[in-house]
Every structure is written in structure tokens, then in C-alpha cells.
Amino acid sequence: MPSDAMWNPAMNVLRAAVCSLLLLQAFLHPSTGLNVCMSGSATSCEECLLIHPSCAWCAQEDFGWGRTLMSRCDFVQNLYKRGCPNRFVEFPTNSITVQQNMPLSSKGFGLTQEDVVQIQPQSISLNLRPGEQSWFGLQVRQVEDYPVDLYYLMDLSLSMKDDLDTIRNLGTKLALEMGKLTSNFRLGFGSFVDKNLSPFSYTAPKYEENPCNGYKLFPNCVPTFGFRHILSLTDKVDRFNEEVQKQMVSRNRDAPEGGFDAILQAAVCEEEIGWRKEAYHLLVFATDDVPHLALDGRLGGIVQPHDGRCHLDDNNEYSASTRLDYPSLALLGEKLAENNIFLIFAVTKRLYVIYKNFTVLIPGTTVEILDQDSKNVIQLIVTAYNNIRSKVELTVWDQPEDLSLSFTATCQDGKPLPGLRKCTDLKIGDTVSFNVSVEARSCHPHGTDHSFTIKPVGFKDRLQVTVKYQCECSCTQVAQINSTICSSIGTYMCGSCLCDLGHLGVRCECQEGEASSIHIDTCRESEDKQLCSGRGECSCNQCLCYESEFGQIYGGFCECDDFSCARHEGILCSGHGECHCGECKCHAGYIGDNCNCSTETASCIADNGQICSERGNCICGRCQCTQPAAFGDTCEKCPTCPDACDTKRECIECWLFDSQKLQDNQTCQRLCKDEIITVETLKTDEPGSVLCLYKTDNDCVMKFTYSEHANGKSILTAIMEPECGGGPDALMVLLAVVGSILLVGVLLLSVWKLVITIHDRQAFSRFQNARSRAQYEMASNPLYKQPDSSSFGETDLFNKPFNGRVH
């Protein structure tokens, strides 16, 4: 999609106009049987505009004069058809004005802070009419070679001693690796232990200077402290190495640490830490245990909640450690977001799930597994940085309560994803787009404007949105008080009379309580209906609706109310819409007769980033699986699906053999939450399990079964080691092949010889039989006489004269 189309206000207004027109046609369709504008029986232009965004008001003086079913409040097309000139029609619409629209930058190096732009546009103004949706687009791009500030916050409790030894030369190596990603890198260092109070730490006098006193394994350590800022952010990485080498571990009493105190101070002490506004802020939190949370301080007698402020003394130590409670997760998330800080939890494997749950509650955080001695810390930081740069997530600040927002993300595949405000699997320099739907649900006094901010997590860039409400009619500015048109007892405004208290009528010509039997039918919707629908009194030929403890009764015939709509779990319109004349008018982001169906799809996103794992559809915020045998909240469970073995194979490789792509980008722990059991002998006859086989890179065969337990867990049972057969002997194979060929040849020759022998014998037998028959025939023939060769010799034959006769 071209970039201009995303933010062009003309395009957005056009789209809003088209949607409004379609909505208007729906209301005008005969099948509805209800004109929502006229059913409201609005008595003023402002009331008319509040009924529905499709309603307009005719301010012409003689329009619809007299008490008829005609109303000044109607659809704008109806007003034109009924003869209201265009100049008298009050019909304000939404509009969008782009106030600042600098193009996106490509690189961050060599530019000043003001020159680098990662979100477009930067400022817009919205004029909104209640109930009418508007759309605007924005684009986000993470520029290449952007400055990076990294603050390494380390747990220096006694259990982290081996980790401290590992990172003593971290600065040089880390700067070298980060130099491949950015040319402007700075590094800082801080440490923490816990509050120096019982029961968190050892407070007896003998432990005051040395908490390790009496501890045989490590008898000497420094006094316990809450948080200590050691090195401000600097590009001189040798300073980092020097300061780290000076550090010594300390000791606390209980297992949890005071790390959240340290995180908050590192986030809010902007000047002391040295955070630059024009850089990415990375806060690496390295620990091997769980943190203390808000209210834990009461165990030590601390009842004052954390104030979210910086409390570093002249020695750069946290001075309020024993006075303020630990911060809450909400406060921590708020301060991290305010200062555009990405928090990286570097924790040991046994703590992964705990800190993973924290990342759900604190936007802009990620968790990586740290080796027991922190040997993988450099790769961990580089991987976490790449993961952070591979996603863009929008947050909204200071959103007015009466404003509904809905997001649609368009990521690299170009497919719109309704309900999502996040794109993942991005490369640095990629541009992603978001379409934002905004709707005002109420009005504010004239001149009251509101604003809110849309901001990518961890970015300094933001989109400032100013909102003005379109709730007033221009005709109200020329109102005539005590006008003669209104019998001098009312105000003529926008074509109608606003009568003084106690007077009624089109021209305020009646007093309350008066009624004319001649025109009493004007209070009846039809002949078969009750006067004022049985919910009001007819006074001066107008219906005065009763008050109700359930809500408001209104309409020209008191036929409408705001409490007779569909409910969900006892809540009118599910709390996500307004009841208008028996129908729920849903807020943005909700649909359905009772507005209980959410159009958000965030709850349908599976761990692999796909909607319903590509095995179902997201309906009303829940996955409805379409793939046979698929189940689970996001259709992620499907033992008999064709791709089940392929999906689980990656988890087997990741967890058991530390290989394959999931391990490479540190997503194994996020995507593979199955329980993996290793056995020596695999049982393949268990009911409900599927046998999976695959060939490994070294030509071995790995076997495992996949099943779903009744408690909802996915169970993978795998053999401990792949089955690998011995390699074939080439000589034996060659001899076997040659021997087979010779054997086949000999067999063929034998068969041929056998066939020839049988054939020859059969032929000789036939010859012998024929010869025997010939001898028999000569011996037994009476006409045959043996020739006599002795009486008729050769001499006689030639010497005897021939007389021409033959005997």
C-alpha cells in the first residue's frame, strides 16, 4: 500500500462517507420499519444530532409547520425530498486534518534527534460527531543504525558470585557485538541486593559491616544495600570493565530480591543514569531469584507506597529503600513506558515462567534464559535486542473515556489483521501500517477539546491526536429570545420554538393541561394504539411521557425508551452499547443484538502468532475451530492434524537437543509449553496418542508420541536418544551385489540348460518312435518283397541289349 494512502485525510473522509451512506441506506430500507431520526421526537437541533449520526435538522421556519408526523429531524435525503433547502440543513460530519506529516527516516546515524522520524504522521486533528466512526492511518518504521543505551542492572546477592566473575570483561565483548548492530552504543552499570531491614536482610550488629560473617563458604562480603548506581551510560567500555572488577557480592536473608526497587530507580533517574532521548533504552535485569512485590514491605514495617520518583543520594544509592514499599507492577510498567525503556529479564531457567508472566503485565518487556554463570549473557543481550527490533506494538496514552478506538494492523504480508495493534517478525527498516477507527460516544461543552497519544512501545516518536466534538448547530447562534413567532413566550431557534416553562405547542400557544378533543388523535400513533402508547398523557395535542424508574421514555407517541433492549448476563447491551428505542447501538469494536460480540482478535492469537493457529475462525473474540479434532483456546491442540508431528518435532529438538530454529531465536520457551517426558522404551499403544517419527541430521530415527491430557496439558513422550543403526560395510555390500549377480546368472544358465536338455530328449524320443514304426511296417507288408541283388548284376544290366521294353 502506498504510504500516502495511509494517512491521506481525503481518503479517510471518503471512506467514512461511504460507510455512513451504507448505514443510512440500511435505516431507510423498508424492511426495518423504523426511522430512527423521527422516532426520537427531537425538540431541538442538538437533540437531533445526538440521536444518530445519520440524522439531520431542517432549520427552515415553515418546514413541517403544525402538529403532523413530519419532523424537522430526519435523514438528510428525506429532508431534501420534503423540500428543505440545502442552506437550512444542519448536518455536521466528521473530518480529519493532518497537522504535521514529516516523512519516515531510513537511518538514524548522522541525524539529530529532531531529524529522525519513525512514525507518520506526527499530529492530526479530528472533528467527531457522536456515534459516527472515522478512520485514519499511520505508519511505523524502525530505522537502521539507531543509537542504543544499555544499562546493565545486576543482582549482587551471594548466589550471583560466579556470574560477577564472568562479566568482569563484559564491556569490551558486548561493545564489539553491539557494534555490528549500531555505530552509536553506550553502556552503564548498576547493582542491587535488597532492603536492609529484617526479615529481608541480616540486621544483627555482627552482620552490619559483613553480612557473610560466620558463613564458611564465603566469609567476607559488603554490607547489604537496596540499589547502587555505579556507572552512568558511556561509550568508554573500559570504564565498565574497571567498575565491574571493583564490585563485590553481598548477602540478604530471604530468597526474593529487591530488584524492582532498582528497576524503578534506573528508569526514573534519567539524568543520573544518562538516558539519551534520541536512543533506544535497554535495561538488562540479571538475577537468579524472584523479586519482592508491592505490599511485601509491610513485613518489615513499611506502609508508605512507592511514589514513583528518583531517590538517589550523593553516593548514587537508593536513599528511600527503608522508607518506601516495593513498587507495583502497574507503577513499574507506567514508568518504563514514560521513559521509553525496553526491559530485558535475564533469568535462570527455573524462573522463566514467573518472569514470562510479568512480561504480559508490563508492556515492552521480554525474558531470556541466563546460564547459571552468565556465560551466555552477550548472546542473550544481542538476541533480546534483535527480538525487540523485530516487533512494533502501539500503545494509547490519555484516551478519553467516551472515545472508542479500534486498530487494524497490516504487517509485512500485507494482510489486514482486525483488532491487532502489533506486528512481529520484522526486519530493521521494514515499514508497517495501522488503521485506527475512532468514535465519540457523547458530547462535551462547546470549546472543550480532548487529546490522546498513540505511541509505539519503547519509541520516543508519537502521534498526537486532538479531538473536537461536533455537537452544535450553527443556527443556534442566531436564536431570538421572546420571539413573536413563539407567541413572545419562547425562543425561536433553528426553525422551531423553545417554549418557556408551562407552555407547549408549535408556537407556544398552549399551556400544560389543555387538551383539544378535536385533535386528540394526534397523540395516537394509529387508530388501534393507545393514546401516547399508554405511557404518557396527551396535553395540547402532544404526548407528555411518564417518568420511569428504569430509564427514559420518549418519542412522539412515547413509543420509545432506553431500557427495553437485549441484555447479556443481566447487563443492558452488554455494557458495550446504548439502548435506543428497543435496539442496541453498539460501540466501536462490538457487534450483535446485545453488543456482546467483540471484533477484537487479540485473544485469538496463538503462541505462533497465527489467528486460531490457522485451524479456525475468530468469532466474538473466541476461536471456533474448523479443523476436525482441533481444540483449545486458540485451536492450538490437535494430535491428529497433519502438521501435528512437524510442529512438535521442533519442540523436541529445542528442549532435548538445543537445536533447530526455535532455539536460535530464543522462542522455544514461548512456543513450546508441552510437558516432555523421556523414556528408554516408547509405548505406542496408549489410547489417544499419536506416534511421530522423523529422521535426524545424522540419519538416526527419533520417535515420540503426542497426546492431550484431560487436564489440558500437551504431553510429548520421547525416547532418550535417537535410534541409530551401524553403518553398512562397503566391501560386504559389493561382494553381496556381485555374488547376487553371479548367482542369478548361474540360475539362468541352469534353467536354460534344463530346458534345452528336455527339448532334445523329447525330440530324440519322437525320432526313435518314428524309426520303430517304419521297421514294423516293412516287416509286416505282404506286398513288399526284398530285392535280390545276386541274380541281376551290374554287368548283365549294361551288357544285355535293350529292346525298348521294361519288365
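Is C443 buried, partly exposed or exposed? C443 counts as partly exposed, because its relative accessibility is 26%. Buried means under 20% relative accessible area, exposed over 50%, partly exposed in between, with a 1.4 Å probe and protein chains only.

Some ground rules. This is a predicted model, where local features need pLDDT of at least 70, side-chain atom pairs count only at pLDDT 80 or more, and totals for chains, interfaces and linings use all residues. Residues are numbered from 1 along each chain as its sequence is written, and side-chain values use heavy atoms, with hydrogens and water left out.

Back to C443. C443 forms a disulfide with C471, the sulfur atoms 1.6 Å apart. A disulfide here is a pair of cysteine sulfur atoms within 2.5 Å. By this rule the count comes to 22 disulfides. The S-S torsion of C443 and C471 is about -95°, so this disulfide is left-handed. C471 is buried, at 9% relative accessible area.

Next pair. C499 is joined to C508, S to S 2.1 Å. Again the torsion is about -95°, so the C499 and C508 disulfide is left-handed. C499 is partly exposed at 21%, while C508 is buried at 1%.

Now C565 and C579. Their sulfur atoms are 2.1 Å apart. The torsion is about 85°, so this disulfide is right-handed. C565 is buried at 8%, and C579 is buried at 11%.

Last, the sheet. Which order do its strands take? The 4 strands run β37-β40-β39-β38, in an open sheet with mixed pairing. Strands are DSSP runs (E, at least two residues), numbered from the N terminus. Two strands pair if DSSP finds at least two bridges between them.
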